[in-house]
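The tour goes from one side chain to the next.

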Amino acid sequence: MDSKYTFEMFWEDMDNGFQIYYVYMNCKYLIYKMDKNCYKNELIEAPEKCPHQKSAIYTLKRVKELFPYMENIEYKSGLEI
């Protein structure tokens, strides 16, 4: 992850409606804002035997705790080719 991309920038992007993919512990996730202080985290890709939840709802505090461990952050474009 680029060290210049701060949590404040990440939070602002989600606040503006962006959906963001990221990798955490070799699993790919999609995270987006649902409501005030309510963020949905969905497991997209994982190894065959993965103990992680397929879907979870986080508060901003939990997202902030998770942010330093996120890798390969990318925006969901919504464009189909």
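Select Lys28 first. Lys28 is partly exposed, at 22% relative accessible area (buried is under 20%, exposed over 50%, partly exposed in between; 1.4 Å probe, protein chains only). This is a predicted model: local features need pLDDT of at least 70, side-chain atom pairs count only at pLDDT 80 or more, and totals for chains, interfaces and linings use all residues. Residues are numbered from 1 along each chain as its sequence is written, and side-chain values use heavy atoms, leaving out hydrogens and water.

Lys28 lies over the face of Tyr21, 4.9 Å from the ring centre (NZ of Lys or CZ of Arg within 6 Å of the ring centre and within 35 degrees of the ring normal).

Glu74 and Lys28 form a salt bridge, with closest N and O atoms 3.6 Å apart (a side-chain nitrogen of Lys or Arg within 4 Å of a carboxyl oxygen of Asp or Glu).

Move to Lys33. Lys33 bridges to Asp15 at 2.4 Å between the closest N and O atoms. Lys33 sits in strand E2 and Asp15 in helix H1.

Next, Arg62. Arg62 meets Glu65 in a salt bridge, 3.7 Å from N to O. Arg62 also lies over the face of Tyr58, at 5.6 Å from the ring centre.

Finish with Phe10 and Phe67. Both are buried. Ring pairs link Tyr5, Phe7, Phe10 and Phe67 into a cluster (ring centres of Phe, Tyr and Trp, its six-membered ring, within 6.5 Å; planes under 30 degrees apart are stacked, over 60 edge-to-face, the rest tilted).

Conventions:
Helix = DSSP H or I, 4+ residues; strand = E, 2+ residues; numbered from the N terminus.
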